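Colleague: Let's go through this protein together. Can you show me the structure?

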Amino acid sequence: MRARYGVPLTLTAVGAAGLAYAAGFEVRSFRLRRVTVPVLPRGMRPLRVLQVSDIHMVSGQRKKQRWLQSLAGLRPDFVVNTGDNLSDPEGVPEALDALGPLMEFPGAYVFGSNDYYGPKLRNPARYLIERAQGRHGLNGNAPAVGAVHNPWEELRDAFDAAGWVGLSNSRGRLKLEGIEIALTGLDDPHIKRDRYAEVAGGPESGADLSLAVVHAPYLRSLDAFTADGYPLILAGHTHGGQLCIPFYGALVTNCDIDTDRVKGLSSHTAAGHTSYLHVSAGCGTNRYTPVRFACPPEATLLTLTARG
């Protein structure tokens with residue numbers, strides 16, 4: 001009896017302990033990562049950019065709200081929000097309350113699919129199946145039917161009122177004490193809302209630095225930005241894999257980027273050009289899969305320094 005049932009019971013206990021850790025602790029174990037990226041012209045002072053992504057706010061997430069509010073103490077030069085602020089149609093007030101102190105700083109934003117549409121309950125194993133079949137979002141799956149529409153216009157209006165620059169298939173500029181930052185952004189490629197032809201042409205002349213911003217790091221967007229010569233691309237969407245294997249890493253990315261670049265700073269090469277790429281693992285989860293394992297929720301403070 002002991003030999004027959006001992007191993008299954010042990011595996012069940014280990015699995016239950018892992019799930020309790022992933023859902024009860026790590027998903028609320030918020031971290032700040034710090035990254036240095038040498039992309040500025042020589043002689044220019046360093047710039048500190050706070051990237052927040054994939055907040056997936058649900059009503060009642062007080063700890064997440066307080067943590068996001070506390071990030072204002074970093075005093076960044078500007079903030080970049082790479083989308084998926086919501087996971088609840090009722091979460092807009094909490095999302096804006098959490099981001100309120102950060103909206104006192106210059107900023108820019110793009111939206112992700114979960115800003116536009118509410119999440120649906122789905123088997124997490126489908127991410128593995130879809131990756132194996134090369135299907136990601138609306139890029140390989142049938143359009144969603146009966147999707148819940150989130151009140152994303154309220155987010156947009158609040159961000160715009162705070163002076164943040166909307167970058168959904170558009171360009172914008174931030175002026176920072178004599179420094180001018182040009183930004184080019186895309187709407188979410190995960191649901192085929194990206195329109196690169198509307199913003200093509202590469203970095204703007206006259207700006208001290210040009211950055212590219214997109215929610216989901218699909219290869220077609222990374223290729224286009226890199227071929228046009230942007231030195232740095234900021235993205236989110238992947239959740240860093242969300243459920244990772246210790247000492248191995250992510251199993252899925254929920255897009256067509258490889259798992260080696262599912263989060264953090266890396267590079268991308270296209271048409272003879274190379275850009276830095278930073279993918280945020282984000283600080284939230286889909287409301288129906290509120291777990292993280294070996295992939296803590298995060299925001300990133302990027303210090304941009306002069307090129308060598």
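Modeller: The questions below cover a sheet and a pocket. This is a predicted model, where local features need pLDDT of at least 70, side-chain atom pairs count only at pLDDT 80 or more, and totals for chains, interfaces and linings use all residues. Residues are numbered from 1 along each chain as its sequence is written, and side-chain values use heavy atoms, with hydrogens and water left out.

Colleague: Which are the edge strands of the open sheet of six strands?

Modeller: Strands are DSSP runs (E, at least two residues; helices are H or I, at least four), numbered from the N terminus. Two strands pair if DSSP finds at least two bridges between them. The order is β6-β7-β8-β9-β11-β10, with mixed pairing. Pairing on one side only marks the edge strands, β6 (170-176) and β10 (264-270).

Colleague: Which residue stands opposite S267?

Modeller: β10 pairs with β11 (residues 273-279) over seven bridges, in the antiparallel sense. Within β11, the residue facing S267 is Y276.

Colleague: Which element gives the largest share of the lining of the largest pocket?

Modeller: On a 1 Å grid over the protein atoms alone, a pocket is an open set of points where a 1.4 Å probe fits, with protein on both sides within 12 Å along at least five of seven lines; lining residues have an atom within 4 Å of a point. Here 40 residues line the largest pocket, and R122, Y127, H190, N254 and N286 lie nearest its centre. Two or more lining residues come from each of α4 (113-116) and α5 (125-133). The largest share, four residues, comes from α5.
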